[in-house]
Amino acid sequence: MDVQAVYAQIGGDYADALERLRKPERIEKYLVKFRGQSLAPLEEAVAGGNAEEAFLQAHTLKGICANLSLTRLANSASDLTENLRARTMDADTPGLLENVKKDFALVMDAVSKA
Amino acid sequence: MAQGTVLIVEDQEINRDILIDMLEDKASILQAANGISAITTLGQKKDEISLVLLDLNMPGANGFAVLEYMNNAGLIGKIPVIVISSEVDSDSVRQSIAMGVKDFIAKPFKESEVLARIARVMFRHKTAQKPTEA
């Protein structure tokens, strides 16, 4: 896998990931592991009006992406997390979720093709 | 930290694995994916655990539930705790300090920072545990 190319494609920061995690093989290992992530619990929580669970799911996704320096997805997950921080949903929530879904799909597509 | 045992409490598998990779050649590792599992492990292995790395935001029993258990069981003074969380707002920090947490590591974290903070907390803990010479 050309990890640097994948990072460039998905709006990630490879240099930051390498500084954070120290070893290129670790970055690749975690990217492969990231394939196992699913947005289904987040989508179900939002669809079901469960703001507490949606906040936890968005917050967790933000944390993973930030640690892997998947910057673009981390930012959209962060926006959704802050929208849900009061454990309520508003008119902005669906759009913010759509941004997460779009950025998540970009990551998954690039990682699965690499 | 050599030969010590670190309990990593983190619900997200990738973040847990990152911490394990950073620490596994420096300490023995125990891991818990949620607060209940952490409390069980602390109850069973409290005599061998040297340090707890604790996430705050976890489903079910969160990091504060683990801290509450450690306080009630008299473990908080014996086993130092470092919180690793993106929730480093003032309320979380204030509550954690009040419950005996020794330090904080903000997510996203760097290996160098994780190792440095662990070393500092362990040094302080060992120094504090030494009996005062007459």
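Mentor: Begin with a term: a polar contact is a pair of N or O atoms within 3.5 Å, and within protein one of them must be able to donate a hydrogen and the other to accept it. Note also that this is a predicted model.

Trainee: How many residue pairs are in polar contact between chain A and chain B?

Mentor: Between chain A and chain B there are 14 residue pairs in polar contact, both residues being at pLDDT 80 or more. The elements of chain A that give two or more residues to the side touching chain B are helix 2 (14-21), helix 3 (24-34) and helix 5 (51-67). Helix 5 of chain A gives the most to that side, with nine residues. By type, the side of chain A that touches chain B has eight nonpolar, five polar and eight charged residues.

Trainee: How many salt bridges are there between chain A and chain B?

Mentor: The count between the two chains is five salt bridges. One pairs B:Asp17 with A:Lys33, whose closest N and O atoms are 2.2 Å apart.

Trainee: What is the size of an interface often given as?

Mentor: It is often given as the accessible area lost when the parts come together. Here the area buried between chain A and chain B is about 1900 Å², and carbon and sulfur atoms give 50% of it. On the chain A side, A:Arg20, A:Lys33 and A:Asn67 lose the most area to chain B, together 28% of what that side buries. The contact takes 21 residues from chain A and 19 residues from chain B.

Trainee: And the nonpolar cores?

Mentor: In soluble globular proteins, nonpolar side chains tend to be buried together. The largest nonpolar core in this model has 55 residues, and those touching the most other members include A:Tyr7, A:Phe34, A:Leu61 and B:Leu53. Helix 7 (residues 93-113) of chain A gives the most to this core, with eight residues. Leaving out residues up to four places away in sequence, A:Phe34 touches, among others, A:Leu61, A:Leu68, A:Phe104, A:Met108 and B:Ile14. A second, separate core has 23 residues, including B:Leu42, B:Leu67, B:Ile79 and B:Met99.

Trainee: Is A:Ser69 buried or exposed?

Mentor: Compare the relative accessible area with the cut-off: buried means under 20%. A:Ser69 has 2%, so this residue is buried. A:Ser69 sits in the loop between helix 5 and helix 6 (71-84) of chain A. Beyond four places in sequence, its contacts are A:Tyr7, A:Gly12, A:Asp13, A:Asp16, A:Ala17 and A:Arg20.

Trainee: Which loop holds B:Gln12?

Mentor: B:Gln12 is in the loop between strand 1 (5-9) and helix 1 (13-23) of chain B. Its relative accessibility is 9%, so B:Gln12 counts as buried. Apart from neighbours within four places in sequence, B:Gln12 is in contact with A:Gln37, A:Thr60 and A:Ile64.

Trainee: What should I look for in the backbone?

Mentor: Look at phi and omega. A:Ser69 has a positive phi of about 55° although it is not a glycine. A:Arg22, also not a glycine, has a positive phi near 75°. A:Arg22 lies in the loop between helix 2 and helix 3 of chain A, and its relative accessible area is 46%, so A:Arg22 is partly exposed.

Trainee: Which peptide bond is cis?

Mentor: The bond from B:Lys107 to B:Pro108 is cis, with omega near 0°. B:Pro108 is in the loop between strand 5 (103-106) and helix 5 (111-129) of chain B.

Key. Residues numbered from 1 in each chain as written. Chains lettered and ligands numbered in written order. Predicted model: local features only at pLDDT ≥ 70, side-chain atom pairs only at ≥ 80, totals over all residues. Heavy atoms only, no water. Contact = heavy atoms within 4.5 Å. Buried area = accessible area lost by both parts, 1.4 Å probe. Salt bridge = Lys/Arg side-chain N within 4 Å of Asp/Glu carboxyl O. Polar contact = N/O pair within 3.5 Å; in protein donor to acceptor, adjacent residues only side chain to side chain. Helix = DSSP H or I, 4+ residues; strand = E, 2+ residues; numbered from the N terminus. Nonpolar A, V, L, I, M, F, W, Y, C, P; charged D, E, K, R; others polar. Core = buried A, V, L, I, M, F, W, Y, C linked by side-chain atoms within 4.5 Å. Buried < 20%, exposed > 50% of the residue type's maximum accessible area, 1.4 Å probe, protein only.
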